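I opened this notebook to get my bearings in a structure I had not seen before. The entries follow the order in which I looked things up.

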Amino acid sequence: MQLYSYFRSSASYRVRIALALKGLAYETVPVHLVKGEHLDERFAAVNPQARVPALELDDGEVLIQSLAIIEWLDENHPAPPLLPADLRERVRVRAVTHIIAMDVHPLGNTGPRNYLLKQLNLDLETVDGWTRHWIEKGFAAIERMISPAPYCFGAQPTLADIFLVPQVFNARRYKVDMAKFPKIAAADAACQKHPAFAAAAPAAQPDAE
Ligand SMILES: N[C@@H](CCC(=O)N[C@@H](CS)C(=O)NCC(=O)O)C(=O)O
């Protein structure tokens, strides 16, 4: 498999964690977002949405959208499971996952941030403040929803951890004060010690700068 990825992209980071947790081998194809490589016509042939990640399977099919890719991986490679067996726990894990994937991440993404900067002519400090604001709103909710032991929902990492850790990486980039979110910081610290999360970290990627 080939993963079209950018080392700092949090959506790519999610898929890298899932692949590492499942022990699946893949080759990284770097797509440099800051240089605009995702907007190149050649990449449109890979992902019509012009975003990373995209996972190209050995038969040539390309999967896009990190949550869809990770669910596909989990369905095809069930061990270790990324969702708990208990149905009530599963809905809680999914809720945290969706807060990040659907409510927080899209507002701080490269495309919307560039629109605020270039089309609406807002200055960088204002746009960074916007990004921080939406991360903090989402984190305030998640802080009340998890009781790390040591991962978000117990002794095994789940989808919630896979989505939370890259968002914490983003939060730190934008100088969110993580002292306000001690439970999230604790779950993140536990994940950082896990080899799969370490292998997926931005600094460990072949395209890291
Ligand atoms: N919902 C998508 C988001 C993908 C996404 O927006 N990726 C970012 C990097 S984290 C990207 O490629 N941004 C380029 C852009 O917005 O132009 C997913 O989860 O895969």
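I began with C152, which is buried, with a relative accessible area of 1%. Buried means under 20% relative accessible area, exposed over 50%, and partly exposed in between (1.4 Å probe, protein chains only). I then searched the whole structure for disulfides and got 0. A disulfide here is a pair of cysteine sulfur atoms within 2.5 Å. For C152, the nearest cysteine sulfur belongs to C191 and is 6.4 Å away. C191 is in no disulfide. C191 is buried too, at a relative accessible area of 0%.

**Ground rules.** I noted that this is a predicted model, in which local features need pLDDT of at least 70, side-chain atom pairs count only at pLDDT 80 or more, and totals for chains, interfaces and linings use all residues. Residues are numbered from 1 along each chain as its sequence is written, and side-chain values use heavy atoms, with hydrogens and water left out.

**Domains.** I looked up the division of the protein next. There is domain 1 (2-78) and domain 2 (87-196); the bounds come from an automatic or database domain assignment. Their centres, taken over C-alpha atoms, are 20 Å apart. How many residues of domain 1 are in contact with domain 2? I found 14 residues of domain 1 in contact with 20 residues of domain 2. Contact means heavy atoms within 4.5 Å.

**Nonpolar cores.** A nonpolar core is a set of buried Ala, Val, Leu, Ile, Met, Phe, Trp, Tyr and Cys residues joined through side-chain atoms within 4.5 Å. The largest one has 49 residues. F139, I146, L164 and I184 have the most contacts inside it. Helices (H or I, at least four residues) and strands (E, at least two) are DSSP runs, numbered from the N terminus. Which helix gives the most to this core? It is α7, with 8 residues. Domain 1 and domain 2 each provide at least three residues of this core. Apart from it lies another core of 9 residues, among them Y4, F7, V46 and A54.

Not counting residues up to four places away in sequence, I146 touches V96, C152, F153, L164, K183, I184 and A187.

**Pocket and cavity.** On a 1 Å grid over the protein atoms alone, a cavity is a set of points where a 1.4 Å probe fits but cannot get out, and a pocket is an open set with protein on both sides within 12 Å along at least five of seven lines; lining residues have an atom within 4 Å of a point. Grid points are joined across faces, edges and corners, and a volume is the space filled by probe spheres set on the points.

The largest pocket holds about 910 Å³. It has 35 lining residues, of which L33, H105, N109, T110 and G111 are the closest to its centre. The largest share of the lining, 5 residues, comes from α5. I found 1 cavity of 30 Å³ or more. The largest cavity has a volume of about 60 Å³. V104, H105, G108, N109, T131, I135, Q167, N170 and Y174 line the largest cavity. Helices α6 and α7 each supply at least two of its lining residues.

**Backbone.** I checked the peptide bonds. A cis bond joins A79 and P80, with omega about -10 degrees. P80 sits in the loop between α3 and α4. Another cis bond joins A149 and P150, again with omega about -10 degrees. P150 is in the loop between α6 and α7. A189 is 39 residues from P150 in sequence, yet 8.9 Å away C-alpha to C-alpha.

Two residues other than glycine have positive phi: Q65, near 75 degrees, and N121, near 55 degrees. Is Q65 buried or partly exposed? Q65 is partly exposed because its relative accessibility is 45%. N121, at 63%, counts as exposed.
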